[in-house]
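This report goes through a single protein chain for a reader who has not seen it before.

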Amino acid sequence: MAVDLRRTRPLWATAAAVLSAAALAACGSGGGADPAAAPAPTSAAPSSAGPTSAAPSSATTPTDVAPPPIKGKLRGYATVRQLSDTADLVVRGEVEEAGFRVDEVLRTTTGSTVRAGARITLAPLPAGVPDMAHMSKLDAGQVVVLYLAQDPAAPTFRTLSGDFGVFDLTGSGAEAVATTRSQTMAVSGLNAEDPAASGHGFRTTLGQLRAVAAQAK
């Protein structure tokens with residue numbers, strides 16, 4: 001069948017125009033569009049607020065106050081000789097309301113000014129010593145022999161290891177009976193320890209305490 005070219009020419013012209021326009025559009029879009037780019041790094045604006053410290057967590061904050069440290073136990077003494085060698089002052093006298101009246105000095109260290117007739121101040125053991133609960137009290141009117149340590153920072157004295165340094169006196173003269181204040185915190189001999197007597201207290205005489213004190217280093 002023969003085709004009428006006069007009728008198909010407008011169709012070809014139209015198709016050619018469409019193809020031309022499409023080609024131009026494709027060229028224009030390929031050259032002008034920018035490829036997708038990664039975002040440029042940005043610097044965060046500095047905060048106007050200064051540096052802050054994180055508040056401690058309540059979970060790590062202690063809620064209980066730590067107890068004071070416990071001081072060491074007191075030294076034990078086995079013999080009167082050990083007490084005499086260690087003491088700064090060994091005296092016989094009477095406990096008064098305001099201190100201690102010295103009636104006799106059995107032993108003193110070099111440089112001490114304590115003499116018979118003097119009055120000295122007795123201080124308690126430091127707080128926190130576990131053995132404090134088992135110590136006796138020196139009450140006014142008691143006649144005793146005391147083995148004392150001088151406080152280096154004050155004009156006061158403490159009995160050696162509490163009750164270890166206390167002998168109660170009954171009677172008079174050299175034959176006065178001297179008995180340890182405590183049954184358990186007590187020596188067990190004059191110059192040598194007696195294991196069989198340990199824990200049962202110790203009894204001697206004032207004359208024997210004088211003799212041992214005179215031999216002290």
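## A residue in strand S5

Threonine 156 is part of strand S5; helices (H or I, at least four residues) and strands (E, at least two) are DSSP runs, numbered from the N terminus. With 16% relative accessibility, threonine 156 counts as buried, where buried means under 20% relative accessible area, exposed over 50% and partly exposed in between (1.4 Å probe, protein chains only). Leaving aside residues up to four places away in sequence, threonine 156 touches Thr121, Ala123, Ala149, Gln150 and Asp151; a contact means heavy atoms within 4.5 Å.

The model is predicted: local features need pLDDT of at least 70 and side-chain atom pairs count only at pLDDT 80 or more, while totals for chains, interfaces and linings use all residues. Residues are numbered from 1 along each chain as its sequence is written, and side-chain values use heavy atoms, with hydrogens and water left out.

Serine 161 sits in the loop between S5 and S6. Its phi is near 50°, a positive value in a residue other than glycine. Serine 161 is buried, at a relative accessible area of 10%.

## Aromatic pairs

There are 2 aromatic pairs in the structure. Rings of Phe, Tyr and Trp (its six-membered ring) pair if their centres lie within 6.5 Å; planes under 30 degrees apart count as stacked, over 60 as edge-to-face and the rest as tilted. In one of the pairs, the ring centres of tyrosine 77 and phenylalanine 164 are 6.1 Å apart and the planes stand at 65°, so this pair is edge-to-face.

Tyrosine 77 belongs to the loop between helix H1 (5–32) and helix H2 (80–86), and phenylalanine 164 to the loop between S5 and strand S6 (166–170), so the pair ties together parts 87 residues apart in sequence.

## Pockets

The largest pocket has a volume of about 490 Å³. On a 1 Å grid over the protein atoms alone, a pocket is an open set of points where a 1.4 Å probe fits, with protein on both sides within 12 Å along at least five of seven lines; lining residues have an atom within 4 Å of a point. Grid points are joined across faces, edges and corners, and a volume is the space filled by probe spheres set on the points. Its lining has 23 residues, with Ala123, Pro124, Ser136, Lys137 and Leu138 nearest the centre. Strands S1 (89–96), S3 (119–122) and S5 (156–159) each give two or more residues to this lining.

The second largest pocket, of about 170 Å³, is lined by residues including Tyr77, Ala149, Gln150, Asp151 and Ser161. Strand S4 (143–150) and S5 are the elements that give two or more residues to that lining.

## Helix H3

In helix H3 (residues 206–215), the buried residues are Leu206, Leu209, Val212 and Ala213. Seen down the axis of H3, they fall within an arc of 125° and so line one face of the helix; the arc is that of the directions from the helix axis to the C-beta atoms. An α-helix has 3.6 residues a turn, so residues three or four places apart point the same way.

## The whole chain

The chain has 3 helices and 8 strands, in the order α-α-β-β-β-β-β-β-β-β-α along the sequence. Of its 217 residues, 29% count as buried. Among contacts between residues at least 6 apart in sequence, 57% join residues at least 24 apart.
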